[in-house]
Amino acid sequence: MSIESNIVNRNIVLRFSPDMVDQPLVYRLVKDFDLIPNIIKANVNQDRMGSMVLSISGYENDYKEALEYMKMCGMEVSFLADSMVWDKDVCTQCGACTAVCPSGALYIERPAMTVHFDSEKCIVCQMCLQACPVKAVKLDI
Amino acid sequence: MTKTIAEINEKIRAGKAVVVNAEEVIDIAADLGYKKAAEKIDVVTTGTMGVMCSSGAFLNFWHTKPKIKMQHVWLDDVPAYGGLAAVDCYLGAAEIPERDPANAHHPGHFRFGGGHVIEKLIAGKEVRLRATAYGTDCYPRREYEQTLTLQDIRQAFLFNPRNCYQNYNVATNCSDKTVYTYMGVLKPHMGNIHYSSAGQLSPLLNDPYYRTVGIGSRIFLGGGLGYVAWPGTQHAPADPRNERGIPLGGAGTLAVIGDMKQMNPRFIRGVSMTGYGVSLMVGIGVPIPILDEDMLAFTAVSDGDIQAPLCDYGGDGYPTGEPCVLGYVNYQQLKSGQVEWEGKTIRTAPMSSYSRALEIAEILKEWILSGKFELSQPVQPLPGQELYAGFLGR
Ligand code: SF4
Ligand code: SF4
């Protein structure tokens, strides 16, 4: 644990097999890694693949170690922002999503007025899903 | 200096025409002045691609064996109007399937409708046709079902009664709840501002008095050739105008027509407006012949010269049918991404695609330069041409 590292807040998606359902994951994240996990969505079932969307905040080093730990346990870890998929070819470049997108992930480059997506900025609020008239953005969990 | 359309066409045929788009002309006019620029430039191309309600397609299916006089027609479960003739129908862009939950759970998704069927056809995809009939001696068949593509349809043309609004409302929401409108999702307390015009690139803002665009004008429609068929529905040329002749409200509209078999899905898209319904995004480009200095001056219009009414689309505004204009903003402000309004910074977003509008103006330029597209003399002017009294009223 290092006090020098930055505080981060990341949204991640976990996928795990049924035998892992019993693991006290949230407890470990708090206890062993000093993190604050917040369950956004959970889909846990005794006999099927489970998935969970977690918002985690804490020191970056701790967060990275926790990620390693979860992977070591056999969990599949992905970043929620990567689940927001923007299809450049479907997008009509209208820009309708850009005023509702709170993080600036979907933005207009001026003066060309072309629309771009920066997944690193996306906070997966899903506002763009409602705003896009051609469904060029999709949440793929 | 004056030129006729015939003279400009001569130059196009000789490969000598000078064609620029409605963005490029702004700087040229600033450099050379209107007079010199008018001598130099022959055609200015414009473009727009936005959601345009009041669009739809006339389709004629080949006669079936045995024959049917289709009374009710569906394409991919979207009803089309069959009360025309045996195998003709009109598919409206805003139509939704009968079983669509619409706004039963507000805001509805409106995933699919007439606009999407039109896009699928133009993209060459298969569509399911279903028709029922009461049966006659000459048309005995009562039911018909067939999967088909645009190629299998005998004639297919878009005929959009109202497209290409000259200018348009800019939408915001003064109420305290989010509203879902045809101008997009508007957040409460003026949380955002949406606008829907290509501004300085938009066709009728470059010819504000319809001096060159009229009935019969050949245009770019959805990637193919189209024509102005008539003044569009709700055409209102008498709306107030600024000193450059730019209307401060919607004003002019065009009814347009064009062969779907020439079109490209890049420029015709079905759209789903959350909580509102379905519609069609239509790409249109209109060439403006530079007949004289005034025409050049009109095409040199830039975003800062075009004001549009900022309207409240919240519950106490637009929906009531009462006046809802809060004031005026110009497209330079709107395109910057934010507008200062009564001490507040409000984010703006377009509903129409400026980059695609520019692409259309560029394609039209290429068509003209290559001699593939010649300008047409309108057979009849649009109402409103009589309002023209010279640029800046001179
Ligand atoms: S999910 Fe939210 S933050 Fe991400 S792109 Fe869409 S609107 Fe922007
Ligand atoms: S609203 Fe959809 S189509 Fe329009 S710019 Fe955004 S992602 Fe592209």
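Between domain 1 of chain B and domain 2 of chain B, the count is 12 residue pairs in polar contact, with both residues at pLDDT 80 or more. A polar contact here is a pair of N or O atoms within 3.5 Å; within protein, one must be able to donate a hydrogen and the other to accept it, and residues adjacent in sequence count only if both atoms are side-chain atoms. On the domain 1 side of chain B, strand 10 (155-163), strand 18 (254-259), strand 19 (268-273) and strand 20 (277-285) each supply at least two of the residues that touch domain 2 of chain B. Strand 19 of chain B gives the largest share of that side, 6 residues. Helices (H or I, at least four residues) and strands (E, at least two) are DSSP runs, numbered from the N terminus. By class, the side of domain 1 of chain B that touches domain 2 of chain B splits into 13 nonpolar, 9 polar and 3 charged residues. Ala, Val, Leu, Ile, Met, Phe, Trp, Tyr, Cys and Pro count as nonpolar, Asp, Glu, Lys and Arg as charged, and the others, Gly among them, as polar.

All of this comes from a predicted model, in which local features need pLDDT of at least 70 and side-chain atom pairs count only at pLDDT 80 or more, while totals for chains, interfaces and linings use all residues. Residues are numbered from 1 along each chain as its sequence is written, chains are lettered from A and ligands numbered from 1 in the order in which they are written, and side-chain values use heavy atoms, with hydrogens and water left out.

As for the domains themselves, domain 1 of chain B covers 5-52 + 160-369 and domain 2 covers 56-158, with bounds from an automatic or database domain assignment. Their centres, taken over C-alpha atoms, sit 31 Å apart. Contact (heavy atoms within 4.5 Å) involves 25 residues of domain 1 of chain B and 32 residues of domain 2 of chain B. The two domains of chain B bury about 2,100 Å² between them, 65% of it on carbon and sulfur atoms; buried area is the accessible area (1.4 Å probe) that two parts lose on being put together, summed over both. In domain 1 of chain B, B:Met260, B:Lys261 and B:Val278 lose the most area to domain 2, together 35% of what that side buries.

The rule finds 1 salt bridge across the domain interface of chain B.

Between the chains, the count is 0 salt bridges, but 11 residue pairs are in polar contact, both at pLDDT 80 or more. Helix 4 (residues 127-131) of chain A gives the most to the side of chain A that touches chain B, with 3 residues. Chain A and chain B bury about 2,000 Å² between them, 53% of it on carbon and sulfur atoms.

Chain A itself has 4 helices and 8 strands.

Conventions: A salt bridge is a side-chain nitrogen of Lys or Arg within 4 Å of a carboxyl oxygen of Asp or Glu.
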